[in-house]
Amino acid sequence: MTSQIAPPAPTGTPSTGYRLRWAGLAVILAAEVMDLLDTTIVGVAAPAVRQDLGGSDAQIQWITASYTLAFAVLLITGGRLGDLFGRKRLFVLGAAGFTLASVLCAAAPGAGTLVAARTVQGLFAALLIPQGLGLIKAMFPPKELGTAFGLFGPILGLSSVLGPTLGGYLTGADWFGLGWRAVFLINLPVGLLAVFAAGRILPADRPDRAGRSTTGTDAGTGTGTGTGRIDPVGVLVLGLAVLLLVYPLVQGRELGWPLWTFLSMAASVPTAWLFTVQQRGVLRRGGTPLIEPSLFGKRAFVSALATGLVFFAALSGLMLVFTLHLQLGLGWTPLHAGLSMIPLSIGVVVGAVLSGALLAPRYGRRVLHLGMVLAAAGALGLWATVDGADGLTSWQLAPALALAGLGLGLIMAPFFDIALAGVEESETGSASGVLNAQQQLGGSMGVALLGTAFFGWARTDGFGHAAGLTYGLVAALLAAAFVIAFLLPRQARPDGEGH
């Protein structure tokens with residue numbers, strides 16, 4: 001669905017753009033940074049959270065998984081809500097709710113309360129983040145859109161470097177006795193500034209209450225002719241399918257893998273199929289589906305979903321297990337653990353820049369395959385480094401981390417463009433929303449699967465051996481993604497329409 005943003009007359013024309021567009025872009029980037037920092041910063045603080053609040057291994061996993069799970073389920077709906085009620089209004093609401101939820105996280109008296117507050121954070125993030133793309137397209141003239149979107153890479157890359165380091169510093173510094181709680185309170189000044197600046201700077205918009213949609217280019221929105229109403233049944237069925245899969249993955253090991261955990265995971269498959277049937281029914285009745293059903297008939301797009309699900313599971317699981325091993329297994333401080341992740345983050349930034357600027361436009365899918373090989377080699381290098389080692393230093397881990405980061409960066413830059421190569425223009429909005437939700441869902445699954453494996457092996461074989469085996473599992477997931485990626489198109493759209 002096209003955005004219904006309609007700035008007032010003085011703000012500019014389609015050729016000149018909105019007068020305060022660059023300041024508006026800064027506000028949107030601040031929200032993106034806040035979300036990314038919250039995703040990466042919490043993992044480093046997780047061991048300190050358990051030490052302070054107690055809680056089981058599963059609850060530690062849920063501190064990360066609950067956020068990304070809630071984000072994934074509501075992300076597709078969040079973009080549609082922006083169409084109906086106004087993107088600026090949803091952006092401000094999302095930023096305010098995210099900030100309030102961050103305060104609730106910092107004040108959590110127990111692990112269960114923290115998981116609940118993290119879920120609320122994820123829900124508000126799903127309202128906040130999807131509005132950015134539509135707002136940018138409304139503010140900038142076509143000739144400046146490439147420059148505006150080009151700023152996302154360096155800014156978000158820098159955030160991925162700062163996140164673990166900042167998390168380690170804030171947790172270890174123990175300002176005012178806050179400890180790990182400071183990693184959530186850091187959102188307070190950023191969030192308040194975003195709310196205030198968004199109200200003053202972002203352009204006024206006119207909600208599309210009729211819900212009539214044309215061709216879709218906004219992430220997370222539906223396409224086609226529709227009634228303009230949210231599909232609550234679709235939201236519930238999709239959420240149920242995800243929960244049936246992720247919940248037993250996180251809780252199963254702690255409960256001894258009772259029969260219901262396997263039945264639950266098996267039931268997620270027909271529930272997902274039921275969701276696709278329900279979405280086709282919505283479309284036949286003239287409604288607006290959460291996801292354009294025609295997308296599931298495209299082999300390239302379905303292959304991209306499978307590839308991305310496995311890849312992002314490997315990435316999120318690697319990040320979690322690495323910091324848990326360093327702190328729980330080796331006894332490193334949160335700051336030491338955060339600083340040790342810098343080679344990985346630098347590798348990601350370098351790989352993304354090389355891929356986006358030089359390699360991906362020329363070599364397409366082959367860059368994805370190269371990245372997966374390098375990332376898997378880095379994971380195997382970590383396995384060889386940590387397994388059986390009596391003591392480790394950050395310098396010993398750095399080469400394998402940098403190699404893994406380089407591979408991950410090579411993958412992330414071209415993935416979304418290639419994934420959208422076979423998607424029709426009228427399906428782009430829905431497809432973009434699904435791909436972003438898939439990224440979050442993959443992260444939740446990675447935390448659940450690899451976190452469960454790590455804690456299970458650690459109880460019997462020790463943390464070092466458990467970390468090595470889990471890095472081997474990361475390499476296996478990347479190998480599976482390598483094979484699935486052969487089903488993707490060889491090149492992204494030559495005109496760059498995949499954004």
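This is a tour of one protein chain, stop by stop, with what to select and what is there.

**Before you start**

The model is predicted: local features need pLDDT of at least 70, side-chain atom pairs count only at pLDDT 80 or more, and totals for chains, interfaces and linings use all residues. Residues are numbered from 1 along each chain as its sequence is written, and side-chain values use heavy atoms, with hydrogens and water left out.

**Stop 1: the whole chain**

Show the protein chain as a cartoon. Its secondary structure comes to 18 helices and 0 strands. Helices (H or I, at least four residues) and strands (E, at least two) are DSSP runs, numbered from the N terminus. Of the 499 residues, 57% count as buried. Buried means under 20% relative accessible area, exposed means over 50%, and partly exposed is in between (1.4 Å probe, protein chains only). Now consider contacts, meaning heavy atoms within 4.5 Å. Among contacts with a separation of 6 or more, 83% are between residues 24 or more positions apart.

**Stop 2: helix H4**

Select residues 111-128. This is helix H4, with 18 residues. It reaches 25 Å from its first C-alpha to its last, close to the 26 Å expected at 1.5 Å a residue. The expected span is 1.5 Å times one less than the number of residues. Show the buried side of H4: among its buried residues are Leu114, Val115, Arg118, Gln121 and Leu128. The buried residues of H4 pack against helix H1 (21-53), H2, helix H3 (87-106), helix H5 (131-139), helix H8 (182-185) and helix H9 (187-201).

Stay on H4 and pick alanine 125. At 1% relative accessibility, alanine 125 counts as buried. Leaving aside neighbours within four places in sequence, alanine 125 is in contact with Asp35, Tyr67, Phe71, Phe98 and Pro130. Draw a distance to alanine 70: the two C-alpha atoms are separated by 8.8 Å and lie 55 residues apart along the chain.

**Stop 3: the salt bridge**

Select arginine 181 and aspartate 52. Their side chains meet in a salt bridge (3.6 Å, N to O). Arginine 181 lies in the loop between helix H7 (152-173) and H8, and aspartate 52 lies in helix H1, so the pair ties together parts that are 129 residues apart in sequence. The structure holds 1 salt bridge. The term means a side-chain nitrogen of Lys or Arg within 4 Å of a carboxyl oxygen of Asp or Glu. Arginine 181 counts as buried, at 19% relative accessibility. Aspartate 52 is partly exposed, with a relative accessible area of 45%.

**Stop 4: leucine 328**

Move to helix H12 and select leucine 328. At 25% relative accessibility, leucine 328 counts as partly exposed. Not counting residues up to four places away in sequence, leucine 328 touches Pro47, Arg50, Phe455 and Phe463.

**Stop 5**

Select Leu238, Val242, Ala272, Leu309 and Leu441. These lie nearest the centre of the second largest pocket, which is lined by 24 residues. The elements giving two or more residues to this lining are helix H2 (57-85), helix H10 (232-255), helix H11 (259-284), helix H12 (299-329) and helix H17 (428-461). H11 gives the most, with 6 residues.

Color the lining by class: 21 residues are nonpolar, 3 polar and none charged. Ala, Val, Leu, Ile, Met, Phe, Trp, Tyr, Cys and Pro count as nonpolar, Asp, Glu, Lys and Arg as charged, and the others, Gly among them, as polar.

**Stop 6: glycine 443**

Go to helix H17 and select glycine 443. At 5% relative accessibility, glycine 443 counts as buried. Leaving aside neighbours within four places in sequence, glycine 443 is in contact with Thr68, Phe312, Ala313 and Ser316. Glycine 443 and serine 316 are 5.1 Å apart, C-alpha to C-alpha, and 127 residues apart in sequence.

**Stop 7: serine 264**

End on helix H11, at serine 264. Serine 264 is buried, with a relative accessible area of 11%. Leaving aside neighbours within four places in sequence, its contacts are Leu244 and Pro248. Tyrosine 247 is 8.6 Å from serine 264, C-alpha to C-alpha, and 17 residues away in sequence.

How values were computed
1 Å grid on protein atoms, 1.4 Å probe; cavity = no way out; pocket = protein on both sides within 12 Å on 5 of 7 lines; lining within 4 Å.
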